[in-house]
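Please look over the sequence and the structure shown below. The paragraphs that follow lead through selected parts of it.

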Amino acid sequence: MIIKGRGYCCSKSGVKVSKPTIDDQKRYRKLDTRTGCLACIYFNADKEGKNWEVTKFVEEHNHPLASENDKHLLRSQRSISNAQASLLKNMTGVGIRTTDAYNFLVDEVGGVENVGFSKTDAYNFVQRERKALIDSGDAMSLSNILRERQSEDNMFSYDIQTDEMNRLISFFWIDGRSKIDYDCFGAVIIFDTTYRLNKYNLACAPFIAVNHHMQNVFVGGAFIATETIESFCWVFETFLRFVGGKQPITIFTDQDQAMAVSIERVFSNTRHRLCQWHISKKAPSKVPAFNHDRCIRSLFYNCMSKCDSEVEFENSWSDMIRRGNLGENRWLQDLFKVRMKWSTAFNKERLDLGILSTQRSESANNVLHDCSKATSSLVECYLGLDKLTSS
């Protein structure tokens, strides 16, 4: 085939055309950055396709061009090198989360403007790699087992999420016993995705409740390929669908931003709490003064769980900032914005069973080592976990 012409236009060319829908109330709206820009260049070739000439050139843009600080965000300037791709695969392959692997690369090159691609690009790359790995026979076997289990237990529910090529990317299940346990003890839920010991490195995402003996209770589980807003929304929406729409009063997670956005969208009536253990673990590296100033460290831990009121929290926080001259600390600024999610001073009226972290879920992950290993298939992971939670 001989190419006789080629054209290039501005990424902001054209305008968005709204498609008529039955319901105009869209759940999510994406920002449209197109401005109808006419800047373009077109080339035509001769009959042999060898000699080319410019046939049209419009130089002027109808919008400001990207600044030096924003050039790294342009699609034309973003690409993942072979070395970066290898590092991403190796790091995520041993259980490191994509966001942490990306942040490592950012730190190595001195900022997001130097890494050469965005966090979304990293997620998309890892997701493509994982999709390619999941064996179709394994996915079919899992589907058959789940279907058979549902025929044996009419309260058993499951759902499988597939991509545009009908390949499995996530699945969720909950049995009758878990539904009853959730109905009785589902006021406080712990959700964690740190366990990844399986052949495809999918994240195991159990929903853990606490019963009247303060014991962990499994009330639903999922395996997800990527920790994105879309993946978490699917898991949460599926969970709610199978438990009759009953939302927990409180849900504990780590500080994953995609998880936070998904909880806000799906669990609109649920108080989202952050794991204090994760926060306190990060504090010494984010605020160096914590390592040598006992007073500042004490004030911070007072803010976490020892303040009896919001006023006392505000006073302790202000005192800590003043004593340590920490007004410009970005990590503390971001943490203060979400203080209602981690400080007990703002949650006196919300049921939390005295839980402060996701350690209960992570302790459950330790038990998973007995039923899953790095070479486990999807079927082996599910059967092992199902046996563990049914015993």
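**Helix α10 and its surroundings**

Helix α10 spans residues 294-305, 12 residues in total, and reaches 17 Å from its first C-alpha to its last, close to the 16 Å expected at 1.5 Å a residue. That expected span is 1.5 Å times one less than the number of residues, and helices are DSSP runs of H or I with at least four residues, numbered from the N terminus. The model is a predicted one, in which local features need pLDDT of at least 70, side-chain atom pairs count only at pLDDT 80 or more, and totals for chains, interfaces and linings use all residues. Residues are numbered from 1 along each chain as its sequence is written, and side-chain values use heavy atoms, with hydrogens and water left out.

Within α10, Ile296, Leu299, Phe300, Cys303 and Met304 are buried (under 20% relative accessible area, with a 1.4 Å probe and protein chains only). Seen down the axis of α10, these buried residues fall within an arc of 145°, so they line one face of the helix; the arc is taken from the directions from the helix axis to the C-beta atoms. Their cover includes α9 (276-286), α11 (310-324) and α12 (330-337). At the start of α10, a side-chain oxygen of aspartate 293 comes to within 3.1 Å of the backbone nitrogen of cysteine 295.

Serine 143 lies in helix α5 (residues 136-152). Serine 143 is buried, with a relative accessible area of 12%. Leaving aside residues up to four places away in sequence, serine 143 touches Tyr158 and Ile160 (contact means heavy atoms within 4.5 Å).

Note on methods: Helices (H or I, at least four residues) and strands (E, at least two) are DSSP runs, numbered from the N terminus. Buried means under 20% relative accessible area, exposed over 50%, partly exposed in between (1.4 Å probe, protein chains only). A polar contact is a pair of N or O atoms within 3.5 Å; within protein, one must be able to donate a hydrogen and the other to accept it, and residues adjacent in sequence count only if both atoms are side-chain atoms.
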